[in-house]
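Cover the strands, the nonpolar cores, the aromatic rings and the backbone.

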Amino acid sequence: QLQLVESGGGLVQSGGSLRLSCAASGFILDHVAIGWFRQAPGKEREGVSWMRRSDGGTYYVDSVKGRFTISRDNAKNTVYLQMKSLQPENKDVYYCAGAQRAYYDSNAYYRPYSYEYWGRGEQVTVSS
């Protein structure tokens, strides 16, 4: 059974850091592109970062560049999202997702419908 499981969320003070983990089972993570998404209540899910399957190239939306880092541990079959300088507006549910399909347009990897596999999400709360 193909599965992604997030962990590492919780409550952090403004300016603090968290590291989210996304553990895969049933498939090998470096065989798929991995994306991290966030979703606020009543809003659409939006991509914040993704990692290319072939060489592990990383991509970020402008709002998180310099603060978020996506990385992968192949031995643990786990992808991480290190988040720094968190602000109250970063309070969202964060999801990891895996895409087996390949897209010519790299921007496709910021779109939820590009992904076949999803975790259940992890709540991140930032107190002011």
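## Strand pairing

Leu18 stands opposite Met83 in β8. Strand β3 (residues 18-25) and β8 pair in the antiparallel sense, over 6 bridges. Strands here are DSSP runs of E, at least two residues long, numbered from the N terminus. Two of them pair if DSSP finds at least two bridges between them.

The model is predicted: local features need pLDDT of at least 70, side-chain atom pairs count only at pLDDT 80 or more, and totals for chains, interfaces and linings use all residues. Residues are numbered from 1 along each chain as its sequence is written, and side-chain values use heavy atoms, with hydrogens and water left out.

## The open sheet

An open sheet of 4 strands runs in the order β1-β3-β8-β7, with antiparallel pairing. β1 (3-7) and β7 stand at the edges with a single partner strand each, so one side of each has no neighbour in the sheet. From one strand to the next, the twist averages 15°. The angles use axes fitted as lines to C-alpha atoms and run from 0 to 180 degrees between N-to-C directions.

## Nonpolar cores

The largest nonpolar core has 26 residues. Leu4, Leu29, Trp36, Phe68, Leu81 and Met83 have the most contacts inside this core. A nonpolar core is a set of buried Ala, Val, Leu, Ile, Met, Phe, Trp, Tyr and Cys residues joined through side-chain atoms within 4.5 Å. Buried means under 20% relative accessible area, exposed over 50%, and partly exposed in between (1.4 Å probe, protein chains only). Strands that each supply at least two residues of this core include β4 (33-39), β5 (46-51) and β11 (122-127). β3 gives the most, with 4 residues.

Which residues is Leu81 in contact with, leaving aside its neighbours within four places in sequence? Among them are Leu18, Leu20, Trp36, Val48, Phe68, Ile70 and Tyr94. Contact means heavy atoms within 4.5 Å. A second, separate core of 9 residues includes Ala33, Trp50, Ala99 and Tyr115.

## Aromatic pairs

The structure holds 9 aromatic pairs. Rings of Phe, Tyr and Trp (its six-membered ring) pair if their centres lie within 6.5 Å; planes under 30 degrees apart count as stacked, over 60 as edge-to-face and the rest as tilted. Trp50 and Tyr59 are stacked, because their ring centres are 4.3 Å apart and their planes meet at 10°. Trp50 is buried at 2% relative accessibility. Tyr59 is partly exposed at 26%.

Tyr95 and Trp118 are edge-to-face, at 6.3 Å centre to centre and 80° between the planes. Tyr95 lies in β9 (residues 92-99) and Trp118 in β10 (residues 117-118), so the pair ties together parts 23 residues apart in sequence. Tyr95 is buried at 12% relative accessibility, whereas Trp118 is partly exposed at 26%. One aromatic cluster includes Phe37, Trp50, Tyr59, Tyr95 and Trp118.

## Arginine over rings

Arg45 lies over the face of Tyr95, 3.6 Å from the ring centre. The charged end of Arg45 also sits over the ring of Trp118, 4.8 Å from its centre. A charge sits over a ring if NZ of Lys or CZ of Arg is within 6 Å of the ring centre and within 35 degrees of the ring normal.

## Positive phi

Asn77 has a positive phi, near 55°, and is a residue other than glycine. Asn77 is found in the loop between β7 (68-73) and β8 (78-83). Its relative accessible area is 16%, so Asn77 is buried.

Ser85 is not a glycine either, yet has a positive phi of about 50°. Ser85 is found in the loop between β8 and β9. At 36% relative accessibility, Ser85 is partly exposed.
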